[in-house]
Amino acid sequence: MGLPNGVELILAPNPSLLTGPGTNTYLIAAGEGHGGCVVIDPGPEDAGHLTKIAEMAEARGGLNAILITHGHPDHVEGAARLRELTGAPVLAWSRAGSPQADALLADEQVFLIGGRQVRALHTPGHRFDHLCFLLEDAGALFAGDLVAGVGTVVIAPPEGDLAEYMASLRRLLALELRVILPAHGPQIDEPRTLLEQYIAHRNEREAQVLAGLAAGPVTVDALVASIYADVDPRLHPMAALSLTAHLLKLEREGRVAREADATGTERWRLA
Ligand SMILES: [Zn+2]
């Protein structure tokens, strides 16, 4: 299955360990009989990338709006420059998340691109300000960093919140989606399967964390060493954040607790 009608992908030149092949910038054209388009996630501050987006938008009748999934630099950094090039307003969940925002979007807010409806869905977890955008006529979800076409999604406290993330995944599972278009990696043609896998993966990780505490109090680093033994050590700092996200969720649920010894070393234990 290709991209939905009128949707184009412009890959930003910012590949890395965390961004995969780079940020996917999406352009949604208004469709038959209408001019105009919107862009989702302008991506990094890269002159060539932003000029290309502006030219493509111009050729489709002009840019109506710049939509931001969340305020991480690989998504939003180029927003102000693209606004300068096109005159289009920047729309995001909050100015705390994206200081560049000209106007804010509410949960379930619907706006029109020509005859097409796009619905903003507040889906926190990866970050507090995260929005997904649903292109209703295509059943297409522009998922930002809530899911990824490659690699995994990082839930790093304090910005990331695992309980909120799980709730956002379950919310998406309730939608009739035909395709997910993530900000990193290829499109996902079986949305339900992927979302169920994501939920199962986090549940398995939670079980590993609880098992890792069963023999007595341990540090986060010791948990990382046992749970991520077969993972590239370059990813261990991120793994520590991810396990911390699990521990904070479990702490809030009253299932684990932490204690510090005389040297200030923090250890987690079952509650
Ligand atoms: Zn992000």
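I began with burial in this predicted model: buried residues make up 43% of the 271 residues in the protein chain.

Next I looked up the overall dimensions. The C-alpha trace spans about 65 × 35 × 30 Å along its principal axes. I compared the radius of gyration with the globule rule: a compact globule of 271 residues would have a value near 18 Å, and the 20 Å of the protein chain agrees with that.

For secondary structure I noted seven helices and 13 strands in the protein chain. I then turned to contacts with a separation of 6 or more, and found that 59% of them join residues 24 or more positions apart.

I went on to the nonpolar cores. The largest has 58 residues, and Ile 66, Phe 133 and Leu 141 touch the most other members. Strand 9 (residues 131-135) gives this core its largest share, five residues. Another core, of eleven residues, lies apart from it and includes Leu 213 and Leu 243.

I listed the contacts of Ile 66, leaving aside neighbours within four places in sequence. Among them are Val 39, Pro 42, Ala 79, Leu 82 and Arg 83, as well as Ala 88, Pro 89, Val 90 and Leu 91.

My last entry concerns Leu 173, which I found in helix 4 (residues 162-173). I record Leu 173 as partly exposed, because it has 15 C-beta neighbours inside 10 Å, and a buried residue needs 20 or more. Not counting residues up to four places away in sequence, Leu 173 touches Arg 192 and Leu 195. I also checked Leu 173 against His 34: the two are 139 residues apart along the chain, and their C-alpha atoms are separated by 32 Å.

Conventions. Residues numbered from 1 in each chain as written. Predicted model: local features only at pLDDT ≥ 70, side-chain atom pairs only at ≥ 80, totals over all residues. Helix = DSSP H or I, 4+ residues; strand = E, 2+ residues; numbered from the N terminus. Rg over C-alpha atoms; globule rule 2.2 N^0.38 Å. Buried ≥ 20, exposed ≤ 12 C-beta atoms within 10 Å, placed from the backbone. Contact = placed C-beta atoms within 7 Å. Core = buried A, V, L, I, M, F, W, Y, C linked by C-beta atoms within 7 Å.
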